[in-house]
Amino acid sequence: MAALALGLSACGSESDSSAATTSDPDEVTGDITLLTPIFEGTEGQKLLEDELLPQFYEEYPNVSVSVDYTTYGNLNEKLTTAAVSGAVPDVMLMGVGWIEGFADRGLIADLSELGLTEEKLLESYTPAIVDAGTWNDGVYAVPIMLDTRFGVARMDLLEEAGYDSPPQNWDELVEMSKALTVRDSDGTLERAGFDMLSLDSRQAFETMLFSAGGDLFNEDDTAPTFNEDPGVDALQLMSDLINVHEVEEIGFSSPDAAVNPLLNGRAAMGIAHNNLWTQGLEAAPEVLDDLEPFVIQGEGEGMFFGGTLATRSATSQSPEAAQAFLEFLASPGPALAANEQRGNVPALSELLDSEYVQSNGFVQFAMENLDVAKREGGPAEWLEVRGDFAPAVEATLLDQMSAEDSLNDLAGLVQTAIDR
């Protein structure tokens with residue numbers, strides 16, 4: 001049977017995941033463990049335990065699954081502790097950019113050993129998404145869900161200012177951001193022309209870096225390239241929007257804001273996460289028709305993606321059972337259910353036609369543009385250095401260091417980690 005048998009209707013809730021491990025699911029046996037940062041909370045747990053696991057057991061009656069729930073904030077510590085103790089869960093869900101490090105340490109298995117090849121994955125996913133689960137020519141993870149960042153414009157506010165479409169290039173982005181910024185008579189900012197501060201600063205910079213035509217690392221991930229001209233230009237633009245053009249102010253918004261400023265009118269444009277749509281459904285459904293997503297255009301196309309991927313332990317005592325369950329989670333029915341529960345973007349191309357995707361404007365936009373999206377990560381040391389990005393970016397946004405100096409210093413730290 002083929003891995004990830006995708007003949008299932010995209011709108012179905014059942015799975016036909018027939019794993020590549022065996023021709024007879026009755027011969028697949030084992031007690032396996034799942035470590036997951038998704039399916040959290042009452043609703044997520046109910047979805048996994050009351051709906052998805054019974055479907056899996058119906059197909060694989062001789063496999064049992066024990067679930068260890070965690071959060072992304074605690075996941076790295078859990079995985080590191082498991083690696084030290086030797087008690088590594090059979091199936092682990094982890095983020096884009098994490099695969100290389102854990103594969104390099106021998107923690108996760110090459111899935112192609114049991115038939116899940118890169119060629120098969122490319123039949124169902126875009127190349128960039130498949131690449132997020134590969135390392136050293138092996139396939140170490142299968143994507144379940146994505147989360148994306150891209151430009152969003154409040155078209156009602158743009159039209160009031162005389163614009164009929166989002167910016168088509170950086171020059172228009174600056175011009176429109178300035179025109180759309182509103183201050184009161186005392187100069188107090190009332191509406192940001194372009195909001196970058198509601199997003200994690202690392203992810204905002206990466207989105208703009210990709211827009212500039214840049215990349216984080218060179219092709220073989222042996223050296224950083226984010227400090228080359230495209231990266232410097234991207235960070236300089238971000239700084240200029242705040243410190244020169246004054247279309248936004250430090251402290252005006254933050255990732256912890258109760259309501260995204262694009263929803264309450266405190267921003268006319270910005271970089272946003274695809275879950276802004278589900279936030280809008282709850283907080284301001286009346287503005288959804290006014291929200292228009294766009295790829296930020298510079299020398300390249302600015303769209304970022306992260307996500308959750310499924311991996312198998314390299315030391316699993318039941319590798320066929322673990323891989324069968326991994327492929328089940330990534331198959332159309334379960335993957336669609338998991339994405340819908342979290343408001344995220346399905347990685348499977350065929351799910352573009354599902355009712356969930358077609359009813360969610362931002363998820364639909366993200367799936368339609370995944371071919372231009374780029375991800376973070378690359379070298380095995382990514383988890384070690386990614387926390388250094390935000391302070392470097394913020395030093396320039398606070399006008400404490402030039403864009404070139406901030407990125408060169410950061411590149412030095414990153415290169416030291418890679419060479420260590």
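Two strands pair if DSSP finds at least two bridges between them. Helices (H or I, at least four residues) and strands (E, at least two) are DSSP runs, numbered from the N terminus.

This is a predicted model, in which local features need pLDDT of at least 70, side-chain atom pairs count only at pLDDT 80 or more, and totals for chains, interfaces and linings use all residues. Residues are numbered from 1 along each chain as its sequence is written, and side-chain values use heavy atoms, leaving out hydrogens and water.

**Exercise 1.** Find how strand S6 (residues 142-154) is joined to S9, and which residue is the bridge partner of Arg-149.

*Solution.* Start with the pair: S6 and S9 run antiparallel and are joined by 5 bridges. Next, look up Arg-149, whose bridge partner in S9 is His-273.

**Exercise 2.** Work out which residues of S9 (residues 269-273) point which way.

*Solution.* First recall that side chains in a regular strand alternate between the two faces of the sheet. Here Met-269, Ile-271 and His-273 point one way, and Gly-270 and Ala-272 the other. Then check the cover: 5 of the 5 residues of S9 are buried (buried means under 20% relative accessible area with a 1.4 Å probe, protein chains only).

**Exercise 3.** Explain why helix H17 (residues 389-397) is largely enclosed, and name its packing partners.

*Solution.* Begin with the count: 7 of the 9 residues of H17 are buried, so the rest of the structure largely encloses this helix. Among them are Phe-389, Val-393 and Leu-397. Now find the neighbours: the buried residues pack against helices H8 (201-211), H9 (229-243), H16 (382-385) and H18 (403-419) (contact means heavy atoms within 4.5 Å).

Notes
Buried means under 20% relative accessible area, exposed over 50%, partly exposed in between (1.4 Å probe, protein chains only).
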